[in-house]
Amino acid sequence: MKKNLYLFITLVLTFFLTACNNGQESSGSSSVNQDDSPEKVELTFWAFGSTGYDELIEEYESMNEHVAITLQNAALADHHDSLFTTISAGSGAPDITMIELGFIEQYKEVPDRFYNLFDFGAKDIKDSFLDWKWDVGEIVDEDYLIGLPTDIGPTAMVYRTDVFEEAGLPSDPEQAAKLFETWEDFRKQAKIITESTGKPVTDSVTQLYNALRDQAPEQYFNTDNELIIESSPYIKEAYDYTVTLVADGVVGDIAAWTPEWGTAMDEGSFATLLAPSWMLGVVKGNAPDASGMWSIMTLPEGAGNWGGSYLAIPSQSEHPEEAYKFMEWLTSSENQLKSFESMGLFPSTPETYEQPGFLEYSDEYFGGINTAEIYAEAAEQVKSVYLGPNHSIANNEIIVALDNVLNEGGDPEKEWEDAIKRMKAQLDRQ
Amino acid sequence: MKRIKSIKEKKKDSLYGYAFISPFFILFSIFGLFPIIFSFYLSFQRWNGLGEMEFVGLRNFELVLADPFFWKAMYNTFVIALMSTLPQLIIAFLLAFALNSTYVKMKGFFRVSFFLPNVTSIVAVAVVFGTLFTNSSTGLVNSFIGLFGFEPVNWGTSEWGVKWAISAMIFWRWVGYNTIIYLAGLQSISQDLYEAAKIDGASVRQQIMHITIPMMKPVIIFTVFISTIGSLQLFTEPLVFIGTTLREEGVTVVLYLYREAFSNNAFGTASATAVILFFVIIVMSVTNLLIANRLGNSRKKVS
C-alpha cells in the first residue's frame with residue numbers, strides 16, 4: 001500500500017514538473033530569437049476600454065522595427081483584477097500596464113512592485129503634464145514615479161436644452177452658464193426646473209455629490225492617511241449641499257449605469273448630468289436620437305476630475321527601458337492628440353490644447369460646440385488632491401448615507417454620523 | 001480459470017488506475033485543496049494582497065465576530081435563505097406532483113420550461129430582475145403592485161424590498177431544478193404501492209401521506225440540504241442586484257467576505273470570514289442530518 005502511495009506522489013510530481021518544464025522551454029526559446037543582430041524586444045501591454053492604442057502601436061513598431069508590442073485589451077474591472085493577481089503573485093504581469101486612477105493608490109503602497117520611472121528620465125518630461133495629474137502617479141516623499149499620465153477626466157455639466165426651454169431657461173450655453181455660476185445659483189435654477197417640468201435637475205445623489213466632492217482641494221484623508229472629514233470642511237459641505245437639494249425634492253433616483261439611466265438620458269427625464277470628458281461618449285451611446293438636445297457648460301465654481309489613467313511598468317518586466325521609451329512616446333502631446341481624435345481620451349498635456357486639431361474641434365451632437373475647449377478650461381482648474389488607498393471605503397459609506405436620506409427618509413445628521421462610524425470601524429482593520 | 005496475477009502485474013494495474021484518476025486529483029489539489037488550505041493560513045495573517053503578510057493570531061476572527069456588519073450579513077443570509085427556500089420547495093413539490101399526474105398534457109414542454117431558468121446566466125438574471133425591481137414608481141413590479149393599490153416599494157434600498165427582490169430571483173431560478181428532482185423521485189415510486197393502497201381503500205390524501213412522502217424522504221432531504229448550503233453561499237444575485245456600493249440590506253456572508261477581500265483589500269479578515277462560514281455550514285449540515293434522521297425514526301415507530 002505504502003509503495004503505491006509513493007508511486008502516486010511521484011506521478012503527481014512528474015505531472016507538475018513536466019508542466020513547469022514546458023512553460024520554461026517556451027520562454028527559453030523566445031530568448032534565443034533575441035540574439036538577432038538588432039536585439040529584438042517583445043513587449044506586452046495591458047489596456048482597458050477603447051483606447052485606440054492599437055493604431056499607435058503599429059506606428060511605433062514601424063519606426064522601431066526591433067520592438068514588437070502585443071496589446072491585450074479587457075474591460076476595466078477584469079483588467080484590474082488580472083493586474084492585481086499577477087502583481088500579487090509576482091509573475092505573469094505585462095511589461096506595460098494601464099492603471100485607472102481609482103486603482104493606483106494601492107500600488108503606491110508597494111512601490112517595489114513597479115519600476116521607478118524617474119530612473120529612465122521621466123523628470124525631463126514632467127513639465128509637459130498637468131501638475132495635479134502628475135502628482136497622483138508619484139510618491140513624493142520617496143522621489144518615486146509609478147505611473148506616467150495618459151488621459152484625464154475633467155468634469156463639466158451637460159444639460160437638456162428641451163428641459164431648460166420648458167422651464168423657461170435659456171438653452172444657449174453662454175446664456176445658460178450665466179445662470180449657473182455658483183452652487184447657490186444651481187439650487188435656485190433646480191427649483192425652477194423641477195417646479196415647472198416635474199423633472200429632477202440631476203439623475204442621482206451620487207452624481208451631484210461627486211461633482212462637489214471633486215472640486216475640493218482635500219477629501220477624506222490627509223497624506224498620512226488619517227481620516228480628516230470631521231475637521232476638514234469640504235466633504236461635509238458637499239454632503240450638506242446634496243442633502244439640502246434632496247430636501248428640495250429636485251434630485252432624481254436613477255442609478256448610473258442602469259438601463260433606466262440610459263433611457264432617461266434618451267428621453268430627457270432629468271435636466272443636467274455631471275459629465276467628465278469621457279461621459280460624452282456615454283451620452284451619445286445611450287441617446288443616439290437626442291442629437292442637438294444635449295448641450296454643455298462648465299460646472300458652477302470650477303471643475304473636478306473623474307477617472308483617467310496611468311501607464312506603469314511592473315518590476316517583473318525584463319525590458320523596462322524599451323517599455324519606458326514607448327510609454328514616453330505614447331503619452332507625448334502629439335500622440336495624446338491622436339488618442340483624443342480617435343477615441344476621445346482627453347489629453348493630460350496642456351500643449352495639446354493649443355494645437356490646431358484641438359482648437360478647431362467641434363461636436364455636432366452637442367450643437368456644434370467645441371466641447372474640447374470647455375474641458376481644456378476645466379482641466380486647468382482642477383486642483384491637486386490626495387485620495388489615499390482607503391478612498392473608496394470612505395466614499396462608499398457617504399454614498400450609502402446619501403441614498404438613505406433620499407430613499408429611506410433618513411435624518412441627514414444621523415446618517416452622516418453613522419457613516420463616519422462605519423468608516424472608522426472599517427479603517428481600523430486595514 | 002482465471003490466471004493469478006503476479007505481484008508485479010498487480011502493481012502495474014494499480015499504477016494505471018492511479019494514472020487514470022490522477023487528473024481529478026491534480027486539478028482538485030491546485031484549484032480546490034490549495035485555496036482551502038491557503039484560506040486557513042491567511043485567516044491568521046494580516047495581508048492587503050500586495051505587501052508583506054504579518055501573523056496576527058486570532059485578531060481577524062475577533063474583528064469579524066465583533067463587527068455588527070458581519071452579524072447583519074449573517075442575519076440577511078438566513079432570512080433570505082428562509083424566504084427563498086421554504087416556498088420554493090413547497091411549490092416545487094406541488095409542481096412535480098402536478099407534472100406526475102395523468103391530467104397534465106405536454107409534460108415535456110412544462111419540464112423544459114420549468115428547468116430553463118436554471119441554465120440561464122445568473123448575471124443576466126440579476127440584471128433583468130434589477131430592471132424589474134427598481135425604486136422608480138414606473139418600474140414593472142412597482143407598476144404591477146400599483147394596480148392593486150399598493151404604494152411603490154424601494155426595491156433597491158429598503159430593508160425588506162431588497163430581500164424580497166433577491167428571494168424572488170432565487171425562487172425563479174431554482175424552483176424548476178427542485179421540481180425536476182422531485183419529479184424524478186415521484187416517478188421512481190412503484191405504481192404497485194398505489195394500486196395496493198387503492199385496493200385497501202386508501203384515499204388520495206392517505207396515499208400522499210403514507211406512500212408518497214415517506215418514499216420521497218431521501219429526495220426531500222437532498223433538496224433541503226442542497227438548498228440550505230446553496231443559500232448560505234449566496235453571492236452573485238445580491239452582488240449584481242445591489243451593485244458595488246454593497247448596501248447592508250442585501251449583503252450576505254459571502255458578499256461580506258468578497259467586500260473584505262476585493263473592495264477593502266483585507267484578505268486576512270476575508271479568510272477568517274470564510275473559515276467561520278465553513279464551520280457554520282458544517283453545523284447546519286449536521287443539524288439537517290440529525291433532524292432528517294429523527295424524522296425518519298419517528299415515522300418508523302408510528303407505522
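1. Into which domains is chain B divided? Going by an automatic or database domain assignment, there are two entries: domain 1 covers 7-42 and domain 2 covers 59-302. Their C-alpha centres sit 34 Å apart.

2. Some housekeeping before going on. This is a predicted model, where local features need pLDDT of at least 70 and side-chain atom pairs count only at pLDDT 80 or more, while totals for chains, interfaces and linings use all residues. Residues are numbered from 1 along each chain as its sequence is written, with chains lettered from A and ligands numbered from 1 in the order in which they are written.

3. On to the overall dimensions of chain B. Its radius of gyration is 25 Å, whereas a compact globule of 303 residues would come in near 19 Å (taken over C-alpha atoms; the globule rule is 2.2 Å times the number of residues to the power 0.38). Along the principal axes, the C-alpha atoms fill a box of roughly 80 × 75 × 40 Å.

4. For secondary structure, chain B has twelve helices and two strands. These are DSSP runs numbered from the N terminus: H or I with at least four residues for helices, E with at least two for strands. The order from the N terminus is α-β-β-α-α-α-α-α-α-α-α-α-α-α.

5. How much of chain B is buried? The figure is 30% of the 303 residues. Here buried means 20 or more other C-beta atoms within 10 Å of the residue's own, exposed means 12 or fewer, and partly exposed is in between, with C-beta atoms placed from the backbone. As for contacts (C-beta atoms, placed from the backbone, within 7 Å), of those in chain B with a separation of 6 or more, 68% are between residues 24 or more positions apart.

6. The contact between the chains draws 26 residues from chain B and 29 residues from chain A. On the chain B side, α1 (7-42) and α5 (122-132) each supply at least two residues, and α1(B) gives the largest share, six residues. By type, that side divides into seven nonpolar, 17 polar and two charged. Nonpolar covers Ala, Val, Leu, Ile, Met, Phe, Trp, Tyr, Cys and Pro; charged covers Asp, Glu, Lys and Arg; the others, Gly among them, are polar.

7. One helix in chain A to look at is α11 (residues 259-267), whose buried residues are Glu260(A), Trp261(A), Ala264(A) and Met265(A). They line one face of the helix, because seen down the axis of α11(A) they fall within an arc of 140° (the arc of the directions from the helix axis to the C-beta atoms). These buried residues pack against α12 (279-286) of chain A. Just after α11(A), Gly268(A) takes a positive phi of about 70°.

Methods: Contact = placed C-beta atoms within 7 Å.
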